[in-house]
Amino acid sequence: METLALAIGLVSQLLFSSRIVLQWVQSERARRVLVPTLFWQISLISSFLMIIYGMLRHDPIILAAQLISYAIYIRNLQLLGEWRKLNPWFRAAAYGFPLAMLAWFGAGNQHFSLRAMLGSRIPAGLLVLGSVGQIIFLLRFVYQWIYSERKGESSLPLSFWALSFGGSVLILTYAILRRDVVLIIGNVFGTVVYARNIVLLRREQRRAPAVAAGKEPVG
C-alpha cells in the first residue's frame, strides 16, 4: 500500500508541476503573470489525487489542506465561467468522488481509516510546523478567492505568490523532516516558480506607471 500511495502522490505532484510549468512558460512569454484555465483544471485533478494520498499516508495536514484547496479550485473555474462548459459527468464526479472517499475513510478499512489517522504519532512540533505552513499556503487561496470575488474574475495578485513562497518553504521543511518524497519534490520546484512569479509581477508593477506615461523603463 505504501507503493500505491507513493505512485499516487508522484502522479499528483507531476500534474501539479505541469500546471506550474504551463503557467510559468505562458507568463515568461508574455513577460507578465498569466493563469490559464487549464491551470485550474489540472489543479482540481491533482488535488483529488492528493486527497487520496493524504488518506493513505494518514497525514491530517495534507488531507485538510487538499480538501479546502479542492473547493477553491472549483470556485475559480466557476468564476472563469468554465465550470459549466465541462462535461456534466465530470462535474458530477468532481462533487461525488471526494465525498465518497471521505465516507469510505470515515468507515475505515485495512489500508486507511480516520481512526488510524487520529491515532498517528506525528510529533507535536512537526504538526505545528506543517499546520502553519499549510495555513499560510491555504490563506493564499482564501485571499485570492476574496480578491477574485471582489474583481468578479479569477486573478492571482502579488500577495498570492508571496504567501505561496512562504508557505512552500515551511511545507518543504515539514516534508524533509517527515521524509515525504512526494511533498519534497512538489515544493522544491514550486518554491522556485513562486519566487520567479514574484519577480515578474514586481517588474510588471514597476513598468505599469511608465507605460501609462508613455515611457517604457529600461531593463
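Colleague: How many salt bridges does the structure hold?

Modeller: This is a predicted model, in which local features need pLDDT of at least 70 and side-chain atom pairs count only at pLDDT 80 or more, while totals for chains, interfaces and linings use all residues. Residues are numbered from 1 along each chain as its sequence is written, and side-chain values use heavy atoms, with hydrogens and water left out. A salt bridge is taken as a side-chain nitrogen of Lys or Arg within 4 Å of a carboxyl oxygen of Asp or Glu. The number of salt bridges in the structure is four.

Colleague: Which residue forms a salt bridge with arginine 57, and how far apart are the closest N and O atoms?

Modeller: Side chains of opposite charge can pair when their charged atoms come close. For arginine 57 the partner is aspartate 180, and the closest N and O atoms are 3.3 Å apart.

Colleague: Where do arginine 57 and aspartate 180 lie, and how many residues apart are they?

Modeller: Helices are DSSP runs of H or I with at least four residues, numbered from the N terminus. Arginine 57 belongs to helix 2 and aspartate 180 to the loop between helix 7 and helix 8, so the pair links distant parts of the chain, 123 residues apart.

Colleague: Which helices hold arginine 75 and glutamate 149?

Modeller: The side chains of these two residues meet in a salt bridge, with an N to O distance of 2.7 Å. Arginine 75 is partly exposed at 26% relative accessible area, and glutamate 149 is partly exposed at 34%. The pair links distant parts of the chain, 74 residues apart, and the elements are helix 3 for arginine 75 and helix 6 (residues 124–151) for glutamate 149.

Colleague: Why is the pair of phenylalanine 39 and tryptophan 40 classed as it is?

Modeller: The ring centres of phenylalanine 39 and tryptophan 40 are 5.0 Å apart. Both residues are buried. The ring planes stand at 85°, so the pair is edge-to-face.

Colleague: Which parts does the pair of tryptophan 40 and tyrosine 73 tie together?

Modeller: The rings of tryptophan 40 and tyrosine 73 have centres 6.0 Å apart and planes at 50°, so this pair is tilted. Tryptophan 40 is buried at 0% relative accessible area, and tyrosine 73 is buried at 2%. The pair ties together parts 33 residues apart in sequence, because tryptophan 40 lies in helix 2 (residues 37–57) and tyrosine 73 in helix 3 (residues 60–79).

Colleague: Which residue lies over the face of phenylalanine 137?

Modeller: Ring pairs link Phe137 with Phe160, Trp161 and Tyr194 into a cluster. A charge sits over a ring if NZ of Lys or CZ of Arg is within 6 Å of the ring centre and within 35 degrees of the ring normal. At 3.6 Å from the ring centre, the residue over the face of phenylalanine 137 is arginine 140.

Colleague: Where does histidine 58 lie?

Modeller: Histidine 58 is not a glycine, yet has a positive phi of about 55°. At 16% relative accessibility, histidine 58 counts as buried. Its place is the loop between helix 2 and helix 3.

Colleague: Is arginine 179 buried or exposed?

Modeller: Arginine 179 also has a positive phi of about 55° although it is not a glycine. This residue is found in the loop between helix 7 (158–178) and helix 8. With 71% relative accessibility, arginine 179 counts as exposed.

Technical notes
Phe/Tyr/Trp six-rings, centres within 6.5 Å; stacked < 30°, edge-to-face > 60°. Buried < 20%, exposed > 50% of the residue type's maximum accessible area, 1.4 Å probe, protein only. Helix = DSSP H or I, 4+ residues; strand = E, 2+ residues; numbered from the N terminus.
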